Amino acid sequence: MASVRLLSQVIVLSLMLPACSEPRQDLHLRYATQLDTARHVAAFQLRDQDNSAFTNDNLLGHWSLIFSGFTFCPDICPLTLGQLQAAEQQMTGPRRHQVIFVTVDPERDTAASLKQYLQLFQPHWIGLTGAQSELSTLLNSLGMAQVRIPQTASSQYSIEHSTAIVLLDPQGRMTAYWKAPFDTAQLAADFSALPAVD
């Protein structure tokens with residue numbers, strides 16, 4: 001439990017670090033924590049659930065909701081993805097965002113397993129995997145920490161990871177985030193309030 005509390009503190013502190021970037025696009029989100037200035041995301045090269053290349057260029061032109069986790073996650077990941085699915089269903093306006101699930105477990109989460117996993121929620125969502133160094137580059141630049149927890153009873157292991165949902169703007173910059181626990185109706189309201197992309 002202490003490791004979970006420490007991880008949460010690291011995540012919150014890293015998300016509060018001042019950003020060195022241009023002013024963010026004007027947002028009016030009631031329930032998210034918005035950054036004063038949008039933060040650039042480090043350059044990365046990953047693969048999506050169709051095994052196609054996915055880089056910063058794929059973030060341009062739409063809002064992106066990023067959540068990290070892994071397919072072997074017993075509770076938090078399926079719960080959060082279920083809440084995201086419900087929030088999309090409750091939206092009152094058009095969907096202007098893409099949902100991106102970034103694995104913290106590339107040893108077990110292949111492109112094929114991510115595709116199968118996301119089919120349980122929304123087939124149009126994006127799952128990302130790749131080299132651990134590239135995943136860490138992306139997640140660290142978003143302030144999303146992850147810690148591998150070995151289990152001595154077997155060869156299995158678990159991973160403590162950020163439970164935040166991060167919002168990137170249509171320029172691919174971090175601009176806001178939501179912290180757990182989530183309220184589905186509040187998420188739906190904020191998703192519905194995302195401005196149209198020029």
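This is a predicted model: local features need pLDDT of at least 70, side-chain atom pairs count only at pLDDT 80 or more; totals for chains, interfaces and linings use all residues.
How many salt bridges does the structure hold? The number is 3, and I shall take them in turn.

I begin with Asp-50, whose partner in a salt bridge is Lys-115. Their closest N and O atoms lie 2.8 Å apart. Where in the chain do Asp-50 and Lys-115 sit? Asp-50 belongs to the loop that runs between strand S2 (45–47) and strand S3 (53–55), while Lys-115 is part of helix H3, residues 111–118. With 65 residues separating the two, this pair links distant parts of the chain. As for accessibility, Asp-50 has a relative value of 45% and counts as partly exposed. Lys-115 is likewise partly exposed, its relative accessible area being 37%.

I turn next to Asp-105, which forms a salt bridge with Arg-108. Here the closest N and O atoms are 2.5 Å apart. Is Asp-105 buried or exposed? Its relative accessible area is 1%, and because buried means under 20%, Asp-105 falls into the buried class. Arg-108, at 18% relative accessibility, also counts as buried.

The remaining pair consists of Asp-169 and Arg-173, joined by a salt bridge whose closest N and O atoms are 2.8 Å apart. Asp-169 is buried, with a relative accessible area of 0%. Arg-173 is buried as well, at 8% relative accessibility.

Thank you for your attention.

Key
Residues are numbered from 1 along each chain as its sequence is written. Side-chain values use heavy atoms; hydrogens and water are left out. A salt bridge is a side-chain nitrogen of Lys or Arg within 4 Å of a carboxyl oxygen of Asp or Glu. Helices (H or I, at least four residues) and strands (E, at least two) are DSSP runs, numbered from the N terminus. Buried means under 20% relative accessible area, exposed over 50%, partly exposed in between (1.4 Å probe, protein chains only).
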